[in-house]
Amino acid sequence: MTATIERGSATARVNPPAEAAAKNAKPDRPGGLLGTSNGKKAVMAVTGAILVLFLIGHMAGNLKSFFGAESFNAYAEFLRTMGEPIVPRRVLLTVVEVVLAVAVGLHMWSAISLARRASKARPVKYAAKRKSQAGGYAVHTMRYGGVVIVLFVIWHLLDLTFGTVNPAGWDGTPYEKLVQGFDPSRWWVTIFYVLAVVMVGLHLRHGLWSAFQTLGLASGRSYRPLKGVAAAISAVLVLGFLAVPIAVMAGVVK
Ligand code: HEM
């Protein structure tokens with residue numbers, strides 16, 4: 001607390017503590033709203049929502065493979081011709097890809113800076129291992145799960161988009177890449193996909209649940225049902241995604 005004696009005045013003015021703290025404090029974080037925890041949580045929620053919408057669309061599109069090569073390739077061709085003739089081929093798809101890449105980047109940035117802020121606020125680790133959301137299982141799932149998902153997406157693009165690590169190669173049709181990529185001889189690829197998709201499911205379940213809490217939806221009576229909603233959306237996505245590689249392995253999609 002600081003006390004200032006004003007010259008020529010008989011009274012001493014004592015700065016209230018809050019005023020003094022505000023005077024001495026360095027500006028918290030540059031960047032306005034994005035510098036605050038709430039701003040970062042909002043970035044995380046909005047980019048997470050974009051990624052969830054992409055995953056729902058992607059999963060539904062993948063299920064087209066159950067209707068045969070023509071149906072699946074036609075869907076893949078639609079992705080490339082979206083927006084024609086207003087915009088040339090692949091332009092809208094490229095816009096979607098850029099939005100996705102920016103969303104992934106911002107999602108990771110907000111996650112890392114929120115985690116840093118949390119560990120600065122709590123420099124001494126918890127003495128006891130906690131089961132709560134703040135420590136242990138959830139943090140590990142999100143942090144290491146997130147890294148596995150990024151590695152998976154890199155492999156996945158080289159495999160099914162560019163064909164670099166796929167037997168059908170660059171020239172293969174999307175359906176050929178799918179069927180040859182999950183050939184039973186490449187069982188290890190399918191196992192990697194299964195693990196990665198389960199990680200995506202766990203990540204999503206926790207992410208959705210956190211978003212519901214951030215939005216203030218998960219309180220009182222809505223607590224349990226919303227936990228169920230987060231788990232159900234994640235389970236549908238996991239099962240929908242896994243159906244395709246498993247169907248190819250089993251010879252149902254060939
Ligand atoms: C496990 C089942 C999955 C299958 C069978 C699958 C299949 C495919 C295929 C065939 C493509 C290429 C589409 C095309 O060339 O038109 C593709 C692209 C892509 N997939 Fe998946 N995918 C799966 C899971 C995932 C997951 C879990 C993620 C994200 C975490 C993901 C992210 C992507 C991305 C980012 C692209 C590139 C989209 C683009 O640039 O146009 N995929 N996927």
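Helices α2 (residues 37-62) and α7 cross at roughly 135 degrees, with their axes coming within 10 Å, so the two are oblique to each other. Helices here are DSSP runs of H or I with at least four residues, numbered from the N terminus, while strands are runs of E with at least two. The axes are lines fitted to C-alpha atoms, for helices over the stretch in contact, and the angles run from 0 to 180 degrees between N-to-C directions. Angles under 35 degrees count as roughly parallel, over 145 as roughly antiparallel, 65 to 115 as roughly perpendicular, and the rest as oblique. This is a predicted model, where local features need pLDDT of at least 70 and side-chain atom pairs count only at pLDDT 80 or more, though totals for chains, interfaces and linings use all residues. Residues are numbered from 1 along each chain as its sequence is written.

The α2 and α7 crossing is left-handed, a label used if the near helix is turned anticlockwise from the far one by less than a right angle (clockwise makes it right-handed). On the α2 side, K41, A45, G48 and V52 meet L204, G207, A211 and T214 of α7; contact takes C-beta atoms, placed from the backbone, that lie within 7 Å. Sorted by class, this contact has four nonpolar, three polar and one charged residues. Nonpolar covers Ala, Val, Leu, Ile, Met, Phe, Trp, Tyr, Cys and Pro, charged covers Asp, Glu, Lys and Arg, and the others, Gly among them, count as polar.

Helix α7 (residues 187-214) also meets α5 (residues 137-161), with axes that come within 9 Å and cross at roughly 135 degrees. These two helices are therefore oblique to each other as well, and α5 passes α7 in a left-handed crossing. From α5 the contact takes in A138, T141, M142, G145, G146, V148, I149 and F152, and from α7 A196, M199, V200, L202, H203 and H206. Nine of the residues in this contact are nonpolar, five are polar and none is charged.

With α8, the axis of α7 comes within 8 Å and the crossing angle is roughly 165 degrees, which makes α7 roughly antiparallel to α8. Here α7 passes α8 in a right-handed crossing. The contact of α7 with α8 holds 19 nonpolar, three polar and two charged residues.

Next comes the ligand. There are 21 residues around it, and A76, E97, L160, F241 and V244 come nearest; a residue is near if its C-beta atom, placed from the backbone, lies within 6 Å. At least two residues of this shell come from each of α2, α3 (69-81), α4 (91-121), α5, α6 (174-181), α7 and α8 (223-249). Helix α5 gives the most, with six residues. By class, the shell has 16 nonpolar, four polar and one charged residues.

The unreviewed UniProt entry annotates residues 42-61, 91-115, 136-158, 187-208 and 229-253 as "transmembrane region"; positions are in the numbering used here, feature names are shortened, and annotations may be inferred rather than shown by experiment. Residues 91-115 are 100% helix and 0% strand, with end C-alpha atoms 36 Å apart. Residues 229-253 are 84% helix and 0% strand, and their end C-alpha atoms are 31 Å apart.

Most residues other than glycine have a negative phi, and most peptide bonds are trans. The bond from E84 to P85, though, is cis, with omega near 0 degrees, and R90 has a positive phi, near 75 degrees.

Note on methods. Contact = placed C-beta atoms within 7 Å.
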